[in-house]
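Colleague: I am new to this structure and would like to learn how to read its charged pairs and its backbone. Could you take me through them step by step?

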Amino acid sequence: MRHSTVAQQLVDVLRQAGVERIYGVVGDSLNSVVDAVRRTDGIEWVHVRNEEAAAFAAAAEAQLTGKLAVCAGSCGPGNTHLVQGLYDAHRSGAPVLALASHIPSHQIGTGFFQETHPERVFTDCSDYCEMISTPDQMPRVLRIAMQRALGRSGVSVLVIPGDIATAAATRPTGSSDLVTEHGRVVAPDTQVRALAEKLNTARKVMLFCGAGVRDAHAEVMALAEATAAPVGHSLRGKEWIQFDNPYDIGMSGLLGYGACYDAMHEADLVVLLGTDFPYDDFLPQARTVQIDHDAGRLGRRTPLELGVHGDVRETLRAVLPLVEAERDRAYLDRMLRKHARSLETVVSAYTHDVERHTPIHPEYVASVLDELASEDAVFTVDTGMSNVWAARYLTPNGRRRMIGSFLHGTMANALPHAIGAQFADADRQVISMSGDGGLGMLMGELLTVKLHDLPVKTIVFNNSSLGMVKLEMLVDGLPEHGTDHEAVDYAAIARGAGIEAIRVEHPGDVVEGLKQALTHDGPFLLDVVTDPNALSIPPHISAAQVKGFAFAAGRTVLDGGVGKMIDLARANLRNIPRP
């Protein structure tokens with residue numbers, strides 16, 4: 001009988017939902033699910049080396065496709081390994097279903113081998129977490145879990161004791177359509193009119209964009225034109241708003257650059273568009289309007305003069321006809337000039353003697369990588385200094401994607417994210433910008449890349465240091481300690497795992513090394529020995545001012561160059577009308 005077990009029923013329902021793979025590590029309490037996958041067409045078990053990586057991989061797949069992705073962990077440690085990646089997935093808004101198998105149901109509460117309480121463990125990193133206690137709950141609870149993950153853009157966890165998974169299914173599987181396309185929240189007319197009044201009475205309007213502007217680029221540009229507003233962005237907003245943007249003034253936050261911070265604090269009205277920007281010290285805490293499709297986010301980072309509950313695109317379409325378009329451009333033009341000047345002061349850091357500087361400038365590596373990568377490349381980015389180089393050097397174009405642990409901020413995400421991204425699209429160029437600290441933490445996933453012959457390109461920024469932690473210590477006025485370690489040849493390790501790899505120690509070899517990596521037919525690791533001191537606080541900022549990455553430091557946290565952004569800033573100056 002086809003649906004003889006709960007495990008088989010579970011896999012069949014996943015196939016109905018379009019799930020093509022489950023990331024995980026096999027284990028006794030999961031064996032019946034793995035066997036059901038083996039016997040079912042159209043779905044595969046993706047073996048990884050750590051369940052944490054399984055959750056990261058599922059998160060990346062979900063973020064790229066917008067579809068449900070699935071990971072799994074066996075009872076006890078297999079479950080708890082999932083937690084880190086699920087936190088990241090949930091905070092990133094990735095629709096992920098985690099299957100957490102459990103000890104035999106009659107042993108729950110006895111202190112049995114590997115006993116945990118998954119329904120408690122996963123509560124904080126999921127929107128839905130329930131246990132299947134009897135076969136009668138299937139497949140209804142599974143479908144609820146899947147729909148919650150898709151509907152809330154977050155994590156659902158289904159806990160299944162091993163004996164329940166092997167039990168006979170008692171309910172018909174049937175079929176049920178999952179709603180995968182979200183509706184749009186339309187702001188009330190009263191809020192739209194109030195927004196128009198705010199925009200029309202403010203002399204200096206500034207727009208600050210997050211990931212919520214994903215499909216509203218044209219509307220944001222129209223509003224910026226109508227209000228003569230400079231446009232800044234968060235790191236998550238970068239890929240959606242910085243391209244084709246003549247009003248760009250850079251990024252705010254811990255990795256900020258350019259004139260964004262200054263424009264925000266000088267504006268008469270700051271409009272937060274689709275951003276839940278967590279660093280409230282960077283916000284003016286006054287003169288602010290916020291537009292978001294989630295009403296629960298309104299005002300939780302800063303006091304608001306007006307909150308607008310609505311989808312960004314639909315709200316801007318509604319308000320634009322009400323906006324008075326005749327504006328003085330003096331504020332905008334001044335901020336564009338200031339942005340260009342700010343970038344000019346740091347650009348020499350990656351243009352001066354880069355072909356002779358040893359150890360290699362990491363800025364130079366990132367700049368060349370940006371030039372050589374495909375126009376639709378997916379970059380997965382480790383937390384730490386790799387975040388800095390991605391923020392400053394990767395040039396968005398509306399087709400490239402950048403995935404990282406931008407809200408949870410965990411190490412070691414880049415390589416497992418790259419695994420999920422490559423499974424999501426086998427023909428797309430996927431590049432893992434890995435720090436040596438992050439790669440070292442989940443280095444076993446190189447074996448996963450080799451096992452599945454994934455053409456992931458792993459670029460290791462190898463400075464033998466936890467660079468961001470070193471910076472944190474310095475700005476706290478503490479001597480660096482415990483951040484540096486012995487040099488490691490990651491290329492040799494990759495070759496030992498059967499992956500083509502080279503190590504680059506001289507700047508003159510960077511271009512050819514990257515070309516070889518990006519054009520190789522299969523997985524490749526490029527280990528670049530970079531300067532551990534490629535970070536510095538501008539001398540006029542005191543340790544007291546930047547303690548805890550306070551707002552002043554965020555304006556120019558690192559003086560390490562800004563790649564193509566200087567060219568963009570210079571080009572935007574040409575948009576300023578001449579007298």
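Modeller: Let us begin with one pair, keeping in mind that this is a predicted model: the side chains of Arg38 and Asp35 meet in a salt bridge, with 2.8 Å from N to O.

Colleague: What is the general idea behind such a pair, and where do Arg38 and Asp35 lie?

Modeller: In general, side chains of opposite charge can pair when their charged atoms come close. Here both Arg38 and Asp35 lie in helix α2, which covers residues 31-38, and they are three residues apart, about one turn of the helix.

Colleague: Is Arg38 buried or exposed, and how should I read Asp35?

Modeller: Arg38 counts as exposed because its relative accessibility is 60%, and the cut-off for that class is over 50%. Asp35, at 29% relative accessibility, counts as partly exposed.

Colleague: Which residue meets Arg152 in a salt bridge?

Modeller: The side chain of Arg152 meets that of Asp127, at 3.1 Å from N to O. Arg152 lies in helix α6 (residues 140-152) and Asp127 in the loop between α5 (118-121) and β5 (128-131), so the pair ties together parts that are 25 residues apart in sequence. Arg152 counts as exposed at 53% relative accessibility, whereas Asp127 is partly exposed, with a relative accessible area of 27%.

Colleague: Which residue forms a salt bridge with Arg184, and which parts of the chain does that pair link?

Modeller: Arg184 pairs with Asp215, and the closest N and O atoms are 2.3 Å apart. The pair links distant parts of the chain, 31 residues apart, with Arg184 in the loop between α7 (162-166) and α8 (189-201) and Asp215 in the loop between β7 (205-209) and α9 (217-227). Both residues also belong to a network of salt bridges that includes Glu219, Asp311 and Arg313, and the structure holds 28 salt bridges.

Colleague: Turning to the backbone, what should I look for?

Modeller: Most residues other than glycine have a negative phi, and most peptide bonds are trans. In this model, a cis peptide bond joins Met138 and Pro139, with omega about 0°, and Pro139 is found in the loop between β5 and α6.

Colleague: What is the phi of Ala228, and where is Ala228 placed?

Modeller: Ala228 has a positive phi of about 50° although it is not a glycine, and its place is in the loop between α9 and β8 (231-233). Ala228 counts as buried because its relative accessibility is 5%. Arg287, likewise not a glycine, has a positive phi of about 55°; Arg287 lies in the loop between β10 (269-273) and β11 (288-292) and counts as partly exposed at 27% relative accessibility.

Notes:
Residues are numbered from 1 along each chain as its sequence is written. This is a predicted model: local features need pLDDT of at least 70, side-chain atom pairs count only at pLDDT 80 or more; totals for chains, interfaces and linings use all residues. Side-chain values use heavy atoms; hydrogens and water are left out. A salt bridge is a side-chain nitrogen of Lys or Arg within 4 Å of a carboxyl oxygen of Asp or Glu. Helices (H or I, at least four residues) and strands (E, at least two) are DSSP runs, numbered from the N terminus. Buried means under 20% relative accessible area, exposed over 50%, partly exposed in between (1.4 Å probe, protein chains only).
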